[in-house]
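Q: I have a new model open and I'd like to learn how to read it. Can you walk me through it?

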Amino acid sequence: MRGKVWKYGDHIDTDVIIPARYLNNPDPAALASHCMVDIDESFSSSVQTGDIMVGGWNFGCGSSREHAPLAIQASGVSCVIAASFARIFYRNAINIGFPILECPEASAAIKAGDVVSVDTKTGVITDETTGESFQAKPFPPFIEQIIDKGGLLNYLKEK
Amino acid sequence: MGMTMTQKILAAHAGLSEVHAGDLIEAKLDIVLGNDVTTPVAIGVFEKAGFTEVFDNEKIVIALDHYTPCKDIKSAELCVTSRDFAKKHGIRHFYDVGTVGIEHALLPEQGIVGPGDCVIGADSHTCTYGALGAFSTGVGSTDMAAGMASGLNWFKVPPAIKVELTGKPGPCVSGKDVILHLIGEIGVDGALYKSLEFTGEGVAELSMDDRFTISNMAIEAGGKNGIFPVDEKTLEYVKDRFKREPAVYEADPDAEYERVVTIDLSKLEPTVSMPHLPSNTKTVGEAAGLHIDQVVIGSCTNGRMSDMRVAASILKGKKIADGIRCIIIPATQQIYLQCMEEGLLKIFVEAGCAVSAPTCGPCLGGHMGVMAAGERAVATTNRNFVGRMGHTQSEVILASPAVAAASALAGCIADPRALGE
């Protein structure tokens, strides 16, 4: 996957990813139309399919709302890179089969607007704008299996 | 090497003699919970995957508490989805308007969760039941769907931070001050992926309601769970409520902790969290005098009976300050009724407060107290993120019921210990 970077800071919480006032409609397209609105009004109208979101520490903290990774995914974002993820967001992203990569070095170095390519299999992140490469932590095999099956329920169904 | 209390509960539910931090395990679930926001998404996932039966209709709880009584047509439609599913599958613990309370006050009160349980809930504050000595953690809707289908879920066994409580809290220092202080110390990701295990002689000084408040906000430090040992107070609390046999687990003496944090309860001050992170803590003295527009006393953090009593003891016979809106939300119908019987509703109304039926409402900016730009609230809730209670330019300051009630009287942040001086 390859795309332009939307860069955000530390502790991006699920209330700013998708504010609670929009949780009354869980349709992914509706969620996408309000994604990040409280900290970045331009995001939902300007994001392009394939773009990559980069956050800092503790990305996705706060509420358990699966609406948060759903909103980012439905916006067309291909993956999220962060220094670290809050644990419920991390579970939710895996469970819906949405790629996320933990890499503090990439999170610190990559800038908004850079073009970045990601190999989710190897965890290699390349900032094509600067030429720098980074290695994300690989998933444990069990989690890789869930992602390969396209999410937790498919994994469960096959078991 | 020994196991922590959390690790023992997880091992027992995974059918293993021991587990270690970092192990990926599959554990049996005693209770699977969802609310009006998260359950419809879980139902969608459950049905899309082709599941037609729930694993056990006695072990699933659906509580319609966030936007109820419904605030708009879309939230009403979400409730219809949950209602239809509950009826179709004969979900025994289904709570709708009239019986529903805020879920994390309701489940312990109704004896649905108890010591030794392994619980997941599609609500981040599911960690509340750690106060009962249960392993309990918040998950998303897909996890809820998996739990409803199989009665199982996967967990990464967490390492732990030991929080050693010593001493006895002074006047107007409650569980809320303990947890806000702790989050201020370790940060909003200080316990990321970890258990917070509370221990020490200070535990005995804390009421069950204090412990619920503390476990409730473990997630605000990034924690997977926040757990208390089971003692006489716990067993007394569950005695006439919990229908199953309490299972009491204790951490091994040689359990490994990544870190030990000691809190001397006698040294704590009433504490507040300034916008926009729960870790931005100050003592009430440092924040005193700051103008406020609204006070909210309620939520899964602080809407329990002892919270209502503390607020009433401060508001009794007085009027809240001009220009202040004070909204009080008893967390369950039983608490509401008890407030009525003890005359607390009269005290609240006579003081100029609005009293609401149980709902999460304003805590997440849903309804019943949403704020405009430039407004500021003191709330006994759990999060003060940007836009949490309404407009992105509104602010939430987190505090205990004592600080919130004193602030309602003063019209600004106020120290409840200074009242009457």
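A: Let's take the features one by one.

Q: What should I know about numbering and confidence before I start?

A: Residues count from 1 along each chain as its sequence is written, while chains are lettered from A and ligands numbered from 1 in the order written. This is a predicted model, where local features need pLDDT of at least 70, side-chain atom pairs count only at pLDDT 80 or more, and totals for chains, interfaces and linings use all residues. pLDDT is the predictor's confidence in each residue, from 0 to 100. For chain B the mean pLDDT is 97, with 100% of residues at 70 or more. The model scores ipTM 0.95 and pTM 0.97.

Q: Why does the radius of gyration of chain A agree with a compact globule?

A: The radius is taken over C-alpha atoms, and the globule rule is 2.2 Å times the number of residues to the power 0.38. Chain A has 159 residues, so a compact globule would come out near 15 Å, and chain A has 15 Å. Its C-alpha trace spans about 45 × 45 × 25 Å along the principal axes.

Q: How many residues does each chain bring to the contact between A and B?

A: Two residues are in contact if their C-beta atoms, placed from the backbone, lie within 7 Å. Chain B brings 42 residues and chain A brings 37. On the chain B side, α5(B) gives the largest share, 7 residues. Helices here are DSSP runs of H or I, at least four residues, and strands are runs of E, at least two, numbered from the N terminus.

Q: And what about the nonpolar core?

A: Nonpolar side chains tend to be buried together in soluble globular proteins. A nonpolar core is a set of buried Ala, Val, Leu, Ile, Met, Phe, Trp, Tyr and Cys residues joined through C-beta atoms within 7 Å. Buried means 20 or more other C-beta atoms within 10 Å of the residue's own, with C-beta atoms placed from the backbone. The largest core has 197 residues, and those with the most contacts inside it include C35(A), I81(A) and V378(B). Helix α14 (residues 401-410) of chain B supplies the largest share of this core, 7 residues. Leaving aside residues up to four places away in sequence, V378(B) touches several others, among them V295(B), V403(B) and A404(B).

Q: Which strand does β8(B) join, and which way do they run?

A: Strands pair if DSSP finds at least two bridges between them. Here 5 bridges join β8(B) to β9 (residues 195-199) of chain B, and the two run parallel. K162(B) stands opposite E197(B) in β9(B). In β8 (residues 160-166), 5 of 7 residues are buried.

Notes: A residue is buried if 20 or more other C-beta atoms lie within 10 Å of its own, exposed if 12 or fewer, and partly exposed in between; C-beta atoms are placed from the backbone.
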